[in-house]
Amino acid sequence: AHDLRSPFNAIVGLSSLLIEQIRQKDYDSLDQYAEIIEESSQQAMALLLNLLEWSRVQTGKISFSPVELDLAKEIEDAIGQAREAARQKEITVERELPANAVAFADRQMLATVLRNLISNAIKFTPRGGRIAIAAHAETDGWQISVSDNGVGMSEDTMAKLFRIDQNHSTPGTDNENGTGLGLILCREFITRHGGDIRFESEIAHGSRFTFTLPDPPRN
């Protein structure tokens, strides 16, 4: 409730201010207010999506339907969804994606994993920074990584990741909000695929999250 309240307070408060200034024909700073409203709306939407998907996992109402996917296209689609957030922070998004990469995955689950890892990388990277997304073939599947040159994590923070019993939410470099559910969903969905997710991080040097997507078993 706290994490949702912050972006909605910004949306409601600045929307009221916009209306009042437009009525008074005072157009100073309207573009700045609009940008903050958009950014707050994106934050609220991301939080709501994670909460919805987490509730579906907990009630057993989410299906697992892996199919053959164009991995590079799925990653590019996820980057596209985060493009505006990266643009607002002037963050460069690099990629190392092989052509004709076919992965076996549930499209919706993979999209959720990519969305959360990329948005987290943007969230904890300062203005003018960079993030990098790479995919490499392994003997039995694919390894995908999302890295950044952001603030990094302390040992205490790393110990609390992927744990639902820890109420842990760290503001981003522009005070972006989060619930901590995103990484828990990532672990849940990658585990469903038979893969694993791991991370490495260093304070002031950034973080790297890596997950695997195994090939389907051969009969």
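**A friendly note on salt bridges and the sheet**

1. Glu53 and Arg115 are both buried. (Buried means under 20% relative accessible area, exposed over 50%, and partly exposed in between, with a 1.4 Å probe and protein chains only.)

2. A word on what you are looking at: this is a predicted model, in which local features need pLDDT of at least 70 and side-chain atom pairs count only at pLDDT 80 or more, while totals for chains, interfaces and linings use all residues. Residues are numbered from 1 along each chain as its sequence is written, and side-chain values use heavy atoms, with hydrogens and water left out.

3. How many salt bridges does the rule give? The count comes to 10. Among them is Asp156 with Lys160, whose closest N and O atoms are 3.4 Å apart. Both residues belong to helix 6 (residues 155–160), where they are four residues apart, about one turn of the helix. (Helices, H or I with at least four residues, and strands, E with at least two, are DSSP runs numbered from the N terminus.) Asp156 is partly exposed at 47% relative accessible area, and Lys160 is partly exposed at 26%.

4. Another salt bridge joins Glu200 to Arg208, with the closest N and O atoms 3.7 Å apart. Arg208 is partly exposed, its relative accessible area being 35%.

5. Five strands form an open sheet in the order 2-4-5-7-6, with mixed pairing. (Two strands pair if DSSP finds at least two bridges between them.) Strand 2 (92–96) and strand 6 (197–202) are the edge strands, each pairing on one side only. From one strand to the next, the twist averages 15°.

6. Which way do strand 6 and strand 7 (residues 206–214) pair, parallel or antiparallel? Their pairing is antiparallel, over six bridges. For Ile197, the bridge partner in strand 7 is Phe211.

7. Finally, look at the helices against the sheet. Helix 5 packs on the sheet and touches strand 4 (130–138), strand 5 (141–148), strand 6 and strand 7. (Contact means heavy atoms within 4.5 Å.) The direction of helix 5 makes about 170° with that of strand 7. (Axes are lines fitted to C-alpha atoms, for helices over the stretch in contact, and angles run from 0 to 180 degrees between N-to-C directions.) Helix 7 (residues 181–192) lies across strand 6 and strand 7, at about 25° to strand 7.

Technical notes
Salt bridge = Lys/Arg side-chain N within 4 Å of Asp/Glu carboxyl O.
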